[in-house]
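User: Here's a model I'd like to talk through with you. Keep it simple and tell me what you see.

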Amino acid sequence: KLPKLEMSLEMLAPFLSAVFIFLCSAILFLVVFKKYFTRDQSIVLTIVAGLGNTSFIGFPLINFYFGEDSLPIAVIFDQGSFFLFATAAQYLIATRNGSFKPINSVKKIISFPPFIGLIVALFIPSEWIFGWHEYALIILGKSISPVAMLIVGFQSSRFVNFQFPRPLSFALTYK
C-alpha cells in the first residue's frame with residue numbers, strides 16, 4: 001500500500017498524533033503525578049502509556065474497521081511511535097545514568113528493519129505493484145500479524161508475571 005500513497009502534509013498528522021500521545025503521557029506521569037511515583041516509575045509509566053507497538057494488533061483492527069486503504073496511515077503512526085522510542089524514550093532511560101548518546105538513537109532508527117522497509121516502499125514506483133506482485137505482497141502482509149501475535153504471546157506467557165501493580169493500572173487507564 002505504501003508505494004501507492006501520495007505524500008502530502010496530511011501524512012504528518014499520524015506522526016504528530018504519536019508525538020502528542022507521548023507528550024501527554026510525559027506530562028501526566030512526569031509532572032502531574034510526580035509526587036505519587038518514584039522517578040523510575042514515572043519514566044516507565046510514561047513509556048508504557050505513551051508508546052506502543054501498534055502494528056501487530058493495530059494493523060488488523062485498522063484493516064477491519066477502516067479498510068486496507070487506511071493501513072499506510074497506521075504504518076506512519078507506528079513509525080512515529082518507533083521514532084519516539086528510539087529517541088525520547090531512550091533519552092529518558094539513558095539520562096538516569098548519564099549514558100545517552102544521540103548517535104545510538106540514529107543507528108537504531110536507520111537499522112530498524114521496518115523503517116528500512118518503509119523507506120524502500122516509499123521509493124518504489126506504484127506502477128511496479130500490479131498483478132501477481134501485488135497479490136503476493138497482500139498475502140505476505142496478511143500472514144505477518146497472526147504469526148507475530150502468536151510469537152509475542154508465547155514469549156510473554158513464558159517470561160512475564162501478569163500481576164499488574166497499581167502504578168501499571170494508571171498507565172493502562174491512560175492508554
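User: Is Phe-170 buried or partly exposed?

Analyst: Phe-170 counts as partly exposed because its relative accessibility is 26%. On this scale buried means under 20% relative accessible area, exposed means over 50%, and partly exposed is in between, using a 1.4 Å probe and protein chains only. Do keep in mind that this is a predicted model, where local features need pLDDT of at least 70, side-chain atom pairs count only at pLDDT 80 or more, and totals for chains, interfaces and linings use all residues. Residues are numbered from 1 along each chain as its sequence is written, and side-chain values use heavy atoms, leaving out hydrogens and water.

User: Good to know. Where does Phe-170 sit, and what is it in contact with?

Analyst: You'll find Phe-170 in helix α8, residues 166–174. Helices here are DSSP runs of H or I with at least four residues, strands are runs of E with at least two, and both are numbered from the N terminus. Setting aside neighbours within four places in sequence, Phe-170 contacts Phe-29, Phe-33 and Phe-37, where contact means heavy atoms within 4.5 Å.

User: How many residues apart in sequence are Phe-170 and Phe-29?

Analyst: They are 141 residues apart in sequence, yet their C-alpha atoms are 9.1 Å apart in space.

User: How do α1 and α4 pack?

Analyst: Helices α1 and α4 pack at an angle of about 40°, and their axes are 7 Å apart. The axes are lines fitted to C-alpha atoms over the stretch in contact, with angles running from 0 to 180 degrees between N-to-C directions. From α1, the residues making the contact include Phe-15, Ala-18 and Phe-22, while α4 brings Ile-76, Ser-81 and Leu-84, among others.

User: You mentioned Ser-81. Is it buried or exposed?

Analyst: Ser-81 is buried, because its relative accessible area is 6%. This α4 residue contacts Ala-18, Leu-51 and Gly-52, leaving aside neighbours within four places in sequence.

User: And Gln-90, buried or exposed?

Analyst: Gln-90 also belongs to helix α4, and it counts as buried because its relative accessibility is 16%. Beyond residues up to four places away in sequence, Gln-90 touches Phe-85, Phe-100, Ser-105 and Lys-108.

User: Last one: what does Ile-62 touch?

Analyst: Not counting residues up to four places away in sequence, Ile-62 touches Gly-67, Ser-70, Leu-71 and Ala-74. Ile-62 lies in helix α3, residues 55–66, and with 24% relative accessibility it counts as partly exposed. Ile-62 and Ala-74 are 12 residues apart in sequence, with 7.4 Å between their C-alpha atoms.
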